[in-house]
Amino acid sequence: MGDTNWTRAGSAGDANDNANWSANAPNSSTRPVFSNSYSSQDCNWNISTPVDGINIDDTYAGTISLSTAMVLD
């Protein structure tokens with residue numbers, strides 16, 4: 001699995017915008033990483049693409065807002 005780092009500079013940005021990540025928007029083979037080493041800006045997460053994990057370092061100073069649909073079987 002590869003990583004993609006949140007690199008948004010400026011105000012909050014959408015997670016589905018490839019320009020806000022170091023290696024395109026995360027998906028099932030690219031894990032999202034939030035770290036102050038890359039950005040402390042806010043992320044609006046409004047995507048339906050599954051991800052296989054997430055890494056939020058304790059140095060990350062931004063806010064992550066997650067909006068997702070619930071799937072019931």
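Q: Which ground rules apply to the residues and the side-chain values here?
A: Residues are numbered from 1 along each chain as its sequence is written, and side-chain values use heavy atoms, with hydrogens and water left out. As the model is predicted, local features need pLDDT of at least 70 and side-chain atom pairs count only at pLDDT 80 or more, while totals for chains, interfaces and linings use all residues.

Q: How many aromatic pairs are there in the whole structure?
A: The general idea is that a pair of aromatic rings is described by the distance of the centres and the angle of the planes. The rule here: rings of Phe, Tyr and Trp (its six-membered ring) pair if their centres lie within 6.5 Å, with planes under 30 degrees apart called stacked, over 60 edge-to-face and the rest tilted. A search of the whole structure gives 6 such pairs. In one of them, the rings of Trp-6 and Trp-21 have centres 5.0 Å apart and planes at 70°, so we call that pair edge-to-face.

Q: Why does the pair of Trp-6 and Trp-21 tie together parts of the chain?
A: Because Trp-6 lies in the loop between strand 1 (2-5) and strand 2 (13-14) and Trp-21 in the loop between strand 2 and strand 3, 15 residues apart in sequence. Strands here are DSSP runs (E, at least two residues), numbered from the N terminus.

Q: Trp-6 and Trp-21: buried or exposed?
A: Buried means under 20% relative accessible area, exposed over 50%, and partly exposed in between (1.4 Å probe, protein chains only). Trp-6 has 0%, so it is buried, and Trp-21 is buried too, with 4%.

Q: How do Trp-6 and Phe-34 pair?
A: Their rings are tilted, 6.0 Å centre to centre with 40° between the planes. Phe-34 is in strand 3, 28 residues from Trp-6, and Phe-34 is buried at 0%. Zooming out, Trp-6, Trp-21, Phe-34, Trp-45 and Tyr-60 form one aromatic cluster.

Q: What about charges: which side chains meet in a salt bridge?
A: In general, side chains of opposite charge can pair when their charged atoms come close. The cut-off used is a side-chain nitrogen of Lys or Arg within 4 Å of a carboxyl oxygen of Asp or Glu. That gives 1 salt bridge: Arg-31 with Asp-3, at 2.9 Å from N to O. Arg-31 sits in strand 3 and Asp-3 in strand 1, so the pair ties together parts 28 residues apart in sequence. Both are partly exposed, Arg-31 at 27% and Asp-3 at 37%.

Methods. Helix = DSSP H or I, 4+ residues; strand = E, 2+ residues; numbered from the N terminus.
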